[in-house]
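Q: I would like to learn how to read confidence, core and surface features from a model. Could you take me through them one at a time?

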Amino acid sequence: MKKSVFLFFLLISCNCFAQVDTLKNNYLRIQPSQVLLRELALQYEQTVAKRLTIGLGAGYRFPKRGQPSEIGELISMMAADYRFRNVVNPPYHGLRLSIAPRYYLNPRKTLFISAELFVRYWWFNNVPSDYHKTTNSYGSIKSEHMDVRGGKLLIGYNSPLLSLPNGHKLYYTPFGGFGLRSKEYLYITQYNNISTSRFEKESGKIITPSIHMGIFLAYTLSK
């Protein structure tokens, strides 16, 4: 963790003389790490004042066929965090909406702080699962729904990555910060075997802090 924070601020210091005017353009941003987790999330950044922009984001997490692996189930039970649980569960869908005002701190308009508010909804319905024990085997039908709301306070830095032949530019934006999220969940499981059937329902609300770090890629929508 300490090394990551050090590299983050070292990157900022190495680019402190870059002449980047990020406020004359509007941007389309994407976070590559989310694509690896089967989630396509885009953010459109619109200039509203001299140093102020507003980012509007939307995303969808694609499910895949198959059941959670035994390792995935173990991680799910050990880590109560909704993110781990949903990532290791292939059936999960996910929808995400966000708004992020961003204020640039320096005259070169590279260093910024951002306060992001977001809502995310995860779900899957009627997914079969099989359980195997030494004495018997039984199946179940599962449905899960999670409503997550939260906020983040981030600091980041825009830096040019490359210029494209059409005159547009591609930027990379490392960022880090912390946040707070509230999760309301509903888990429904119907167990079935030859001799018995059992129905379980669990619901609740959890509030947890969070740490955020990553990199955005940004494409200019105007020259």
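The dialogue below goes through confidence, the nonpolar core and a nonpolar surface patch.

Q: What is the mean pLDDT of the chain?
A: This is a predicted model, and pLDDT is the predictor's confidence in each residue. Here the chain has a mean pLDDT of 79, with 70% of its residues at 70 or more. Over residues 5-19 the pLDDT falls below 50, and this stretch has 19 contacts in the model beyond near neighbours in sequence.

Q: Which residues form the largest nonpolar core?
A: A core is a set of buried residues joined through side-chain atoms. In this model the largest one has nine residues: Y92, F118, W122, F124, V127, M146, V148, Y185 and Y187. Strands β5 (111-132), β6 (137-157) and β8 (169-192) each give two or more residues to this core. The largest share, four residues, is from β5.

Q: What is F124 in contact with, leaving aside its neighbours within four places in sequence?
A: F124 is in contact with P91 and Y92, and also with K142, S143, E144 and H145. Both F124 and Y92 belong to the largest core.

Q: Which residues form the nonpolar patch on the surface?
A: The patch consists of L28, V35, L40, L42, Y44, F62 and L221, which together have about 560 Å² of accessible area. Strand β2 (residues 39-47) supplies the largest share, three residues. L221 lies in the segment after β9 (197-220).

Methods: Residues numbered from 1 in each chain as written. Predicted model: local features only at pLDDT ≥ 70, side-chain atom pairs only at ≥ 80, totals over all residues. Heavy atoms only, no water. Patch = residues over 30% accessible without salt bridge, like charges linked within 9 Å, V, L, I, M, F, W, Y side chains within 5 Å. Areas by Shrake-Rupley, 256 points an atom, 1.4 Å probe, with all protein chains shown as cover. Salt bridge = Lys/Arg side-chain N within 4 Å of Asp/Glu carboxyl O. pLDDT = per-residue confidence, 0-100. Contact = heavy atoms within 4.5 Å. Core = buried A, V, L, I, M, F, W, Y, C linked by side-chain atoms within 4.5 Å. Buried < 20%, exposed > 50% of the residue type's maximum accessible area, 1.4 Å probe, protein only.
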